[in-house]
Amino acid sequence: SNELNAIFPDIKDSYERRLFDLLNGAYIGGKYKMDFEVAIEDVQELNVRIGKMIEITKTICTIRIQELE
């Protein structure tokens, strides 16, 4: 969806790309790498974006479920 694409609007921008890559690698890195670290500022920014992703996903799913009923 366009709304989800807007979470990381310019993936070519080095800051946006770094955050995207950090989020993308966080599951494996956080689970299996003992030295995995994330700056508090990055955690705070990703927390905001993940919150938006959750709300957008809920909305999309709710609409889709209603269409199927």
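Predicted model: local features only at pLDDT ≥ 70, side-chain atom pairs only at ≥ 80, totals over all residues.

Me: Where does Arg 49 lie? And is Arg 49 buried or exposed?

Reply: Arg 49 sits in helix α3. It counts as buried because its relative accessible area is 8%, and the cut-off for buried is under 20%.

Me: What is Arg 49 in contact with, leaving aside its neighbours within four places in sequence?

Reply: Ile 7, Phe 8, Pro 9, Tyr 15, Glu 16 and Leu 19.

Me: Glu 16 is on that list. Which residues are linked with Glu 16 in a network of salt bridges?

Reply: Glu 45 and Arg 49, so the network holds Glu 16, Glu 45 and Arg 49, where a salt bridge needs a side-chain nitrogen of Lys or Arg within 4 Å of a carboxyl oxygen of Asp or Glu.

Me: And Glu 16 itself, buried or exposed?

Reply: Buried, because its relative accessibility is 9%. Glu 16 lies in helix α2. If you don't count residues up to four places away in sequence, Glu 16 touches Ile 7, Phe 8, Pro 9, Asp 10, Ile 11 and Arg 49.

Me: How many salt bridges are there by this rule?

Reply: The count comes to 6.

Me: Show me another. What does Asp 21 form a salt bridge with?

Reply: With Arg 17, and the closest N and O atoms are 3.2 Å apart.

Me: Now, which residue does the side chain of Arg 18 meet in a salt bridge?

Reply: Asp 42, with a distance of 2.8 Å from N to O. Arg 18 lies in helix α2 and Asp 42 in helix α3, so this pair ties together parts that are 24 residues apart in sequence.

Me: And how covered up are they?

Reply: Arg 18 counts as partly exposed because its relative accessibility is 38%. Asp 42 is buried, with a relative accessible area of 10%.

Me: What about Glu 67, what does it form a salt bridge with?

Reply: Arg 64, and here the closest N and O atoms are 3.5 Å apart. Both lie in helix α3, 3 residues apart, which is about one turn of the helix. Glu 67 is exposed, with a relative accessible area of 53%, while Arg 64 is partly exposed, at 47%.

Me: Pick one for me. What does Leu 46 touch?

Reply: Not counting residues up to four places away in sequence, Leu 46 touches Phe 8, Leu 19, Leu 22 and Leu 23.

Me: And on the outside, which residues form a nonpolar patch on the surface?

Reply: Tyr 27, Ile 28 and Tyr 32, with about 380 Å² of accessible area together. Ile 28 is found in helix α2, which covers residues 14-32. Ile 28 is partly exposed, because its relative accessible area is 45%.

Me: How far apart are Ile 28 and Pro 9?

Reply: They are 19 residues apart in sequence and 24 Å apart in space, going C-alpha to C-alpha.

Me: Last one: where does Glu 69 lie?

Reply: In the segment after α3. Glu 69 counts as exposed because its relative accessibility is 77%, and the cut-off for exposed is over 50%. Glu 69 and Thr 59 are 10 residues apart in sequence and 16 Å apart in space, C-alpha to C-alpha.

Key:
Residues numbered from 1 in each chain as written. Heavy atoms only, no water. Patch = residues over 30% accessible without salt bridge, like charges linked within 9 Å, V, L, I, M, F, W, Y side chains within 5 Å. Areas by Shrake-Rupley, 256 points an atom, 1.4 Å probe, with all protein chains shown as cover. Helix = DSSP H or I, 4+ residues; strand = E, 2+ residues; numbered from the N terminus. Buried < 20%, exposed > 50% of the residue type's maximum accessible area, 1.4 Å probe, protein only. Contact = heavy atoms within 4.5 Å.
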